[in-house]
Amino acid sequence: MQNAVIAAHFDELADLLELQGANPFRVRAYRNAARTIENVSQSIADLCVKPDHDLTEFAGIGKDLAGKIETLVQTGTLPQLEELRAQFPPDVLKMFKIPGLGPKKVAALIDQLHIGSLHDLRAACEAGRVATLKGFGKKTEQSILAGLEQVQQAVQRVLLPVAKTEAEAIVADLAKSREIQKVEVAGSCRRLKETCGDLDLLATSSKPEAAMDLLAAHPLVEKVLARGETKQRVRLRSGIELDLRVVPEDSYGAALQYFTGSKEHNIVIRKRAQERGLKVNEYGVFRGEHFVAGRTEEDVYAAVDLPWIPPELRENRGEVELAEQHKLPKLVEVDDIHGDLHMHTTATDGTASIREMAEAAKERGLKYIAITDHSKRVTMANGLDAKRLRAHWKEIDKVRGQMSGIEILCGIECDILEDARLDLDDDVLSEADWVIAVLHYGLKQPRDQIQKRLMCALTNPHVDIIGHPSGRLIGSRNPADIVYEEMFRAAADHGVMMEINANPQRLDLDDVHAAAAKEHGIPIVISTDSHSVNGFDTMRYGVYQARRAGLTKHDVANTKTWGEFKKLLARRKP
DNA sequence: GCCGTTTTCGGCCCGACTGTTTTCAGTCG
């Protein structure tokens, strides 16, 4: 059972307990535990099998929750959750998805109107029965109807590039206005999270009204959903929702810190403030009524005795402790990258020739690249067999001889077949400068078989790196069931590197697992997996993911100069 | 339900906005 599945069980438990009117702090304990479990890189289920394991070592997991996790892992279910589910109609969790409906209102709908499904809910609203309930009214009824529509066509979380592009376009336009002094993206988009649920903008203005009018009239905005004196929520034409907060100049840093989140990080910061007799909110840091800090984020962190923490790290995964000890990593930057070691050409499913790719890479300042077309298993992409691959490498050699200022490696993206063999024989692989081994097919195989396949690649002396290890496509394809601990241990033992694939749909390894790979001392390579010359521009998304994992320049192998990288390779390929 | 350099009981982050209310509960981020 994967950690995300365990976490989902606790989140559902929390929802249902809330509906039941349970102690809100007890509910919170379940949600905290869910977040903790999600952020652990090792498999909790695997941990449970070990003889001396102690789940209560994790923050927010005590004796009771540890027991529940054990039960869940061993039996696949939780009696407490089963009982709660039986008490409520099956559609109950869907009702929470409707904006404006929380546990209290949903409970009222179930208890007083016997609503059992979204269909019932619609009918009750249309019949005007919902408006008659205490605490409900005509407006609530209308907003539920609107919410029902929205749930049907709900926009899922959007990929970072989409969110970032829209947010930055709006910021650029707002920044032109005289009424607005500062404006910036906050929220998960500023933390460079791989997906964003909504967008948060923060601005300072002497005329908040005017700032909000500007946003409301922006061509990307479809509708104003809510508006107060300092806060406006709008829906963009793309379906993404965006919040704008307008704050006074003196509060800008505090507001930026607050609205950048994450929620979990902010809770830790506020607790820290409390311990120091301070209160932190979006307007500043206060001692009693007295304003202590808030103009810049640095001031806010300094007020709680911390150095400034990069937004990418603000997830309450240990960054506060690192900051406290002045051990925050100096995060890798896009400009640190000197090579790109995963790309395709017209030999398989790319759209540019070897030369075109090499020239485009050189234009972007790269000093070395690896051409890594597909192996034969990927028939759809016209994958290469041994004969074609050797001919392809000859072509690469030719271009290499004609170009200066960039080194070109003869590589291959070799499939790890479903039966745990590599798609090309050792004698071919031994001739390559750079071998990426990847899972493309059979991602749904049971974990033992997945593990067997990975081990086959990791123990092969010619394999340099595992590419997009989990095989996931964000929002559309689930990751393979990998035992990361075992994979990393084997990679470290055999000197195999790990890829962060920079394709925004992949970002694989993800942040949590890339951090774990770093712990094992495994060199990480950030690669674009370009299929065209424009593909190189996605490198930054891979770097963002690496930053979220806390990786420095020294953790990322393709920040090395060609000379240094060559030495690293020579150690494996004498 | 968790947690502890004031601790094993009594806390647990904080404020804006909406709609339904006449002073506030519920929801949301």
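**Note on the predicted model of chain A**

1. Of the 574 residues of chain A, 43% count as buried, meaning that 20 or more other C-beta atoms, placed from the backbone, lie within 10 Å of the residue's own. This is a predicted model, in which local features need pLDDT of at least 70 and side-chain atom pairs count only at pLDDT 80 or more, while totals for chains, interfaces and linings use all residues. Residues are numbered from 1 along each chain as its sequence is written, with chains lettered from A and ligands numbered from 1 in the order in which they are written.

2. Overall dimensions. The C-alpha trace of chain A spans about 75 × 60 × 50 Å along its principal axes.

3. Secondary structure. Chain A has 24 helices and 17 strands, assigned as DSSP runs (helices H or I, at least four residues; strands E, at least two) and numbered from the N terminus.

4. The sheet. Seven strands form an open sheet in the order β11-β12-β13-β14-β15-β16-β17, with parallel pairing; a pair requires at least two DSSP bridges. β11 (339-340) and β17 (524-527) are the edge strands, each with a single partner, so one side of each has no neighbour in the sheet. β11 pairs with β12 (residues 368-371) over 2 bridges in the parallel sense, and Asp-340 stands opposite Ile-369 in β12. Helix α18 (residues 386-402) packs on the sheet, touching β12 and β13 (407-415).

5. Nonpolar cores (buried Ala, Val, Leu, Ile, Met, Phe, Trp, Tyr and Cys residues joined through C-beta atoms within 7 Å). The largest has 119 residues, of which Leu-201, Ile-369, Ala-437, Ile-524, Ile-526 and Ala-546 touch the most other members. Helix α13 (residues 252-260) gives the most to this core, with 6 residues. Apart from it lies another core of 30 residues, including Ala-14, Ala-33, Leu-72 and Ala-124.

Conventions
A residue is buried if 20 or more other C-beta atoms lie within 10 Å of its own, exposed if 12 or fewer, and partly exposed in between; C-beta atoms are placed from the backbone. Two residues are in contact if their C-beta atoms, placed from the backbone, lie within 7 Å. Axes are lines fitted to C-alpha atoms, for helices over the stretch in contact, and angles run from 0 to 180 degrees between N-to-C directions.
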